Structure formats: C-alpha cells, structure tokens
Amino acid sequence: MTLKELLSESLPESGMPLHQHAPNLSIQDMKNMLAEMWIIRRFEEKCGEIYTAGKIAGFCHLCIGQEAISVAASQAMGPKDTMITAYRSHGQALARGLTPFQVMAELMGKEGGSSKGKGGSMHLFHIERLFYGGHGIVGAQTALGTGLAFAHQYNNDGGVCMTFLGDGATNQGQFFESMNMASLWNLPVLYIIENNGYSMGTAVSRACSGGPLHQRGMPFGIPGSLVKGDDVLQLYDVFTTMLETIRTTSRPMLLEIDTYRFKGHSMSDPGKYRTRKELDEARSNRDPLLVLSNYLKERGESDDDLDQFDHQAKEKVEHAFAMADAAPEPSTTSLWEDILR
Ligand SMILES: Cc1ncc(C[n+]2csc(CCOP(=O)(O)OP(=O)(O)O)c2C)c(N)n1
Ligand SMILES: [Mg+2]
C-alpha cells in the first residue's frame with residue numbers, strides 16, 4: 001500500500017452518517033458500548049462529587065465528553081494490542097475492563113485499587129488488561145508507547161500499541177523523537193491525538209503552529225487521519241481499519257480525534273478561557289452518549305430500554321464508591337513494595 005493510499009482519503013471522513021459504518025457491530029454490541037459510556041460518564045461525575053468532598057487527593061482529570069474514544073479503542077483492540085495514555089485515563093482504564101471499584105479505590109488511595117492504592121488518578125495501570133497507564137508527564141507516554149511497539153516487533157506477537165496523547169502533548173520533543181524512531185524502525189504503533197481543543201487553558205490555535213495536528217507525522221512518513229470524537233461507531237470503524245493497516249504494513253500511523261471536554265482541565269480549573277455558549281453548544285451537539293442513543297432510537301430502541309443503561313451505571317458506580325470508601329488504606333509496610341531500589 002502506498003503512502004498516499006494510507007492517507008486520510010482511504011479512511012471514512014468525519015461527519016458520515018452512522019449507518020454507513022461499523023457493519024460488523026450488532027445492535028447488542030452498540031448497546032454494550034452505550035452501557036460502557038454511561039459507566040464512564042457516571043463514574044467521572046461521581047469523582048467530581050467526591051473530590052469536592054475531599055475523598056480524592058491530588059490531581060484528578062475527568063474525561064466527560066471524550067468517552068466514545070476509549071470505548072471504541074478498547075473494543076477495536078486485538079488480543080495482543082496494548083494501550084497507553086496520559087493522566088486523563090479513567091475512561092481508558094474502565095474501557096479496558098478494570099472494575100469501577102478498582103479504579104475508584106485507586107483514586108481514593110485504598111487497598112484493592114488497580115495500583116494498590118499507591119498511584120492515584122494519574123497512575124492507573126493493569127498489565128493483564130494490556131493497559132500500561134496512566135502517566136503524569138505530558139508526552140512521556142509517547143516514548144513509552146513507542147517502546148511497547150518495539151516490544152511487539154521484537155517478540156513478533158502481532159500486537160500494535162495504541163498510544164494516546166493530547167493536543168498539547170504534540171508539542172513535546174519526545175513525541176517527534178518517538179515518531180522518528182517508529183518510522184525508522186517500522187514500529188507497530190498508532191499515535192492517537194485526543195484533540196479536545198485545549199491544553200489546560202490554552203487553545204490549540206494559540207499553542208500549535210503549522211498545519212493540522214494529524215499531519216505532524218508527515219515529515220517522518222507517518223500518515224495521519226482526522227475523525228470526529230462523538231460518534232463511537234465511526235471511531236470503532238476507524239480504529240479497526242487503522243490497526244489492521246498497521247498489522248499488514250508494519251508501519252506507524254497517526255489519528256487525530258476532534259473531541260471536547262465538558263469539564264475543566266482538572267478539578268481546579270476556573271474555566272475562564274472559554275465561553276458558556278461554547279460549552280453549552282458542545283454539550284448539546286457533541287455528546288457521544290446522545291449521538292449513539294439517538295441512533296439506537298432511530299433503529300427502534302425505546303427510551304425506557306436505553307435509560308436502563310444509565311440507571312445500571314449509577315448503581316454500579318455507587319456500589320463501587322461504597323466499597324472503596326469502606327476499604328482500608330494500604331499498610332505502611334506496603335510502601336516499600338513494588339518499587340525499584
Ligand atoms: C512535561 C510536562 N509539562 C507540563 C506539565 C503540566 N501539564 C499537565 S497537563 C498539561 C496540558 C496538556 O494538554 P493536552 O496534551 O492537550 O491534554 P489534555 O489535558 O487536554 O487531555 C500540562 C501543560 C506536565 N504535566 N508535564
Ligand atoms: Mg488537550
């Protein structure tokens with residue numbers, strides 16, 4: 001396949017009607033995706049609530065508005081593929097199958113958390129679930145993801161590393177170094193830019209020079225594509241196509257996802273850099289849960305049927321919180337376990 005064929009033209013353009021995509025997904029698969037997105041949404045809302053109540057310490061970055069990305073990516077992953085991301089990672093962790101309790105306990109610094117209550121919000125991790133974190137240094141995960149891709153190649157296991165980064169992280173030097181090496185060594189990596197419009201309070205237009213972010217791999221011969229972030233079915237389709245292409249070509253690729261976060265950068269964000277109108281418009285028009293619910297309604301699913309997923313999600317999250325709240329803190333001796341000395 002030539003480079004030109006691999007470029008965006010060969011992939012679905014954003015904005016296509018949902019029904020043209022994801023032909024291999026059944027209605028039940030789609031409902032499962034809706035259920036997962038509801039869990040992430042209600043989980044994140046609960047985090048916001050209990051953070052304010054002082055039950056979570058440290059940094060906490062919510063992914064409300066971006067739920068479709070982690071759900072579609074996880075669904076598209078093959079059995080050997082790996083995933084790595086930055087600190088806005090609750091969605092990816094839940095989509096990879098970590099239980100709401102494992103994630104909630106981690107956030108609350110409790111035993112039973114996915115990192116034994118010693119990592120917190122930015123350091124969720126679960127190797128068995130092929131989820132390699134959870135990283136607090138902007139852009140650091142791009143180098144680590146490239147390393148995971150090298151391991152896939154070295155072990156010849158057919159896996160691809162899905163490496164997530166934010167729009168702000170695309171300005172990091174190690175992202176460019178990573179792309180250079182990935183291209184030079186033909187590494188099976190998919191760089192996924194979750195472009196939510198802002199790096200903390202700085203708009204993309206004020207931080208990133210040059211052309212669109214999905215073209216940032218071009219100097220290295222890495223083709224890129226752009227897709228909307230509110231349509232989980234289209235995202236699933238694009239992820240599946242790109243993973244398959246990387247598997248057959250053994251070449252890295254780049255995907256930019258046009259998304260929006262409905263909450264602040266972290267829990268301590270006064271949000272003065274955007275208008276109420278911009279936020280309201282995004283909430284009304286770019287909510288991935290609404291987009292999929294509307295599609296399923298068009299296909300004959302009833303409101304009551306779909307509302308169930310929300311109710312079940314609320315119950316699961318409340319249960320996870322109650323368990324995590326009651327769980328003990330890690331013992332002081334465990335502080336010396338699982339560290340490199
Ligand atoms: C190397 C480094 N520089 C700065 C920071 C502080 N910081 C934390 S998040 C962030 C913004 C990153 O924005 P983006 O990559 O767009 O991701 P988003 O938060 O939008 O998901 C910054 C500058 C950091 N954690 N690491
Ligand atoms: Mg951003």
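Trainee: What makes the contact between D303 and K297 a salt bridge?

Mentor: The closest N and O atoms of D303 and K297 are 3.0 Å apart, and a salt bridge is defined as a side-chain nitrogen of Lys or Arg within 4 Å of a carboxyl oxygen of Asp or Glu. The pair therefore meets the definition. This is a predicted model, in which local features need pLDDT of at least 70 and side-chain atom pairs count only at pLDDT 80 or more, while totals for chains, interfaces and linings use all residues. Side-chain values use heavy atoms, without hydrogens and water, residues are numbered from 1 along each chain as its sequence is written, and chains are lettered from A and ligands numbered from 1 in the order in which they are written.

Trainee: Why is D303 called partly exposed?

Mentor: The relative accessible area of D303 is 43%. Buried means under 20%, exposed over 50%, and partly exposed in between, with a 1.4 Å probe and protein chains only. D303 therefore falls in the middle class, and K297, at 36%, does so too.

Trainee: Which residues form salt bridges with D338?

Mentor: D338 pairs with K116, with the closest N and O atoms 3.0 Å apart. That pair links distant parts of the chain, 222 residues apart: D338 in the segment after α12 (303-326) and K116 in the loop between α5 (100-107) and α6. Helices (H or I, at least four residues) and strands (E, at least two) are DSSP runs, numbered from the N terminus. D338 also forms a salt bridge with K118, at 3.6 Å from N to O. K118 lies in the loop between α5 and α6, so this pair ties together parts that are 220 residues apart in sequence. D338 is exposed because its relative accessible area is 56%, whereas K116 at 44% is partly exposed, and K118 at 31% is partly exposed.

Trainee: How many salt bridges does a search of the whole structure find?

Mentor: The search finds 18. Elsewhere, K31, E301 and D305 are linked in a network of such bridges.

Trainee: What makes the nonpolar surface patch, and why does L184 count as exposed?

Mentor: F150, Y154, M181, L184 and W185 make a patch of about 580 Å². Patch residues have over 30% relative accessible area and no salt bridge; like charges are joined within 9 Å, and nonpolar side chains (Val, Leu, Ile, Met, Phe, Trp, Tyr) within 5 Å. L184, in helix α7, has 61% relative accessibility and therefore counts as exposed. Helices α6 (140-155) and α7 (173-184) each supply at least two residues of the patch.

Conventions: Areas by Shrake-Rupley, 256 points an atom, 1.4 Å probe, with all protein chains shown as cover.
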